[in-house]
Protein chains: 2
Amino acid sequence: MPDTAGYEPTERTVPTRSRERASYDKELVHAILDEAYVCHLGFVRDGAPVVLPTLYGRVGERLYVHGSTGSRPLHMAGRAEPGLPVCLTVTHVDGLVLARSAFHHSINYRSVVVHGIATQVTDPEEKRTALDALVDHVVPGRSLDSRPADAKELAATAVLRLDLDEVSAKVRTGGPNDDEEDLTLPHWTGVVPLVRSYGTPVPADDLDPAVTLPDYLAAL
Amino acid sequence: MPDTAGYEPTERTVPTRSRERASYDKELVHAILDEAYVCHLGFVRDGAPVVLPTLYGRVGERLYVHGSTGSRPLHMAGRAEPGLPVCLTVTHVDGLVLARSAFHHSINYRSVVVHGIATQVTDPEEKRTALDALVDHVVPGRSLDSRPADAKELAATAVLRLDLDEVSAKVRTGGPNDDEEDLTLPHWTGVVPLVRSYGTPVPADDLDPAVTLPDYLAAL
């Protein structure tokens with residue numbers, strides 16, 4: 001199947017509520033993933049849930065997260081067979097939805113939830129590809145304009161892989177859904193958009209003044 | 001102890017890595033929580049982690065999340081004794097940290113992680129307070145300028161409470177931490193700030209043109 005096909009819905013990826021907002025479209029899922037900087041990675045430790053924010057990168061239908069070999073989820077995934085059950089979630093908040101009724105207040109958002117088993121990447125080639133993807137996720141093209149990891153850094157870094165397989169997106173757009181009988185209430189109603197933008201890049205104190213801002217940053 | 005005291009660190013809230021970035025300061029935790037719109041709520045279902053984005057509200061040292069009585073975590077929390085073990089995480093991404101080495105790339109962020117047992121709110125008074133807090137979390141003061149939930153809406157809505165008890169914040173600020181031997185590399189290095197702002201409010205199609213934008217929205 002081409003990349004543009006959809007993910008197969010499963011019992012876990014069909015929401016109990018607002019099913020009309022769910023999507024399994026790969027292009028939509030990729031776009032939501034590529035636009036965010038941080039995911040929230042959930043795993044189970046001693047029977048209790050843990051949710052940690054972390055950077056990630058995407059290579060096709062694979063997501064990668066990384067960390068010190070001593071960090072909890074990476075350490076746990078390295079010891080678990082066949083890997084560590086995780087849930088990786090990414091959310092954009094696009095607007096505040098103000099209804100006339102308190103009940104219908106909401107937010108406009110785009111989210112992706114990925115369920116699966118995270119496995120530790122042991123192949124050196126794949127590990128390098130994953131680390132490049134993590135850097136390029138921060139700023140596209142940046143991996144080519146920085147010193148690659150050396151052997152010591154590679155050894156100190158663990159990388160987890162999570163395949164995009166059991167995946168869903170959920171999107172809310174548009175205005176409030178007030179009930180018919182509330183339409184004449186005197187409250188302002190509508191959407192306040194939220195916008196993410198980039199500030200002026202701040203050079204490091206020790207940056208050689210001869211090094212100018214690269215085009216890929218000026219373009220942000 | 002006054003509200004400004006710190007939370008007691010526990011084994012779960014002392015990070016294995018970058019301990020110098022951890023904080024247990026209540027004011028800092030409250031500020032991070034109050035500035036975000038969405039939390040990521042983790043819980044365990046059939047032994048696997050689930051992480052869902054959701055709105056929340058804070059009343060002093062209590063957090064509230066809400067949802068349909070049929071939604072998974074709310075339904076589960078209502079049936080579990082003494083409640084549902086959760087991990088509630090909130091993250092702000094403040095900047096992209098571009099180091100000379102791929103290894104030292106990072107982001108500036110502020111996050112809060114709350115561990116605990118979420119319990120269903122059954123007291124009608126507390127439920128109302130919680131729902132007001134959820135609306136006021138979207139826009140402060142909004143609960144007074146909207147129709148409160150009626151009996152039917154209250155019955156359809158479940159509210160979970162999570163006490164701020166086992167809590168930590170983690171904050172990264174400042175520039176890249178390149179290694180000494182990389183300082184002369186020719187790559188631009190520094191921080192690209194990320195800024196969240198509000199767009200112009202978009203009135204609902206069916207808003208009576210006589211209803212003007214309230215001051216608390218114009219001030220955003």
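Predicted model: local features only at pLDDT ≥ 70, side-chain atom pairs only at ≥ 80, totals over all residues.
Q: Why is B:D182 called buried?
A: The residue B:D182 has a relative accessibility of 4%, and buried means under 20%; B:D182 therefore counts as buried. In the chain, B:D182 belongs to the loop between β9 (166-172) and β10 of chain B.

Q: What makes the pair B:D182 and A:R147 a salt bridge?
A: The closest N and O atoms of B:D182 and A:R147 are 2.8 Å apart. The cut-off is 4 Å between a side-chain nitrogen of Lys or Arg and a carboxyl oxygen of Asp or Glu, so the pair B:D182 and A:R147 qualifies as a salt bridge. Between chain B and chain A the count is eight salt bridges.

Q: Why do the side chains of B:D182 and A:R147 also make a polar contact?
A: Their distance is 2.8 Å, and a polar contact requires N or O atoms within 3.5 Å, one able to donate a hydrogen and the other to accept it; the two side chains therefore make a polar contact. Across the interface of chain B and chain A, 35 residue pairs are in polar contact, with both residues at pLDDT 80 or more.

Q: Which residues is B:D182 in contact with, leaving aside its neighbours within four places in sequence?
A: They are A:R147, B:R100 and B:S101. Contact here means heavy atoms within 4.5 Å.

Q: How many residues of each chain are in contact, and what area is buried between chain B and chain A?
A: On chain B, 86 residues touch 86 residues of chain A. The buried area is about 7,100 Å², with carbon and sulfur atoms giving 65% of it. Of the area that chain B buries against chain A, 10% is supplied by B:P49, B:R147 and B:W188, more than by any other three residues. The size of an interface is often expressed as the accessible area lost when the parts come together.

Q: What makes β10 (residues 190-198) of chain A and β10(B) a strand pair?
A: Five bridges join β10(A) to β10(B), and the two run antiparallel. A pair needs at least two bridges, so β10(A) and β10(B) are paired. Within this pair, A:V195 stands opposite B:S197.

Q: How do you know that β7(A) pairs with β6(A), β9(A) and β8(A)?
A: The requirement is at least two bridges. Strands β6(A) and β7(A) are joined by 13 bridges in the antiparallel sense, with A:L88 opposite A:V114. Between β7(A) and β9 (residues 166-172) of chain A there are seven bridges, again antiparallel; A:H115 has A:E166 as its bridge partner in β9(A). For β7(A) and β8(A) the number is two, also antiparallel, and A:T119 stands opposite A:R161.

Q: Why is β7(A) described as mostly covered?
A: Of its 15 residues, 12 are buried.

Q: Which residues of helix α2 (residues 72-79) of chain A are buried, and what covers them?
A: The buried residues of α2(A) are A:R72, A:P73, A:L74 and A:A77. Their cover includes β2 (38-45), β3 (48-55), β5 (62-68), β6 (84-98), β7 (106-120) and β8 (157-163) of chain A.

Terms used. Residues numbered from 1 in each chain as written. Chains lettered and ligands numbered in written order. Heavy atoms only, no water. Buried < 20%, exposed > 50% of the residue type's maximum accessible area, 1.4 Å probe, protein only. Helix = DSSP H or I, 4+ residues; strand = E, 2+ residues; numbered from the N terminus. Buried area = accessible area lost by both parts, 1.4 Å probe.
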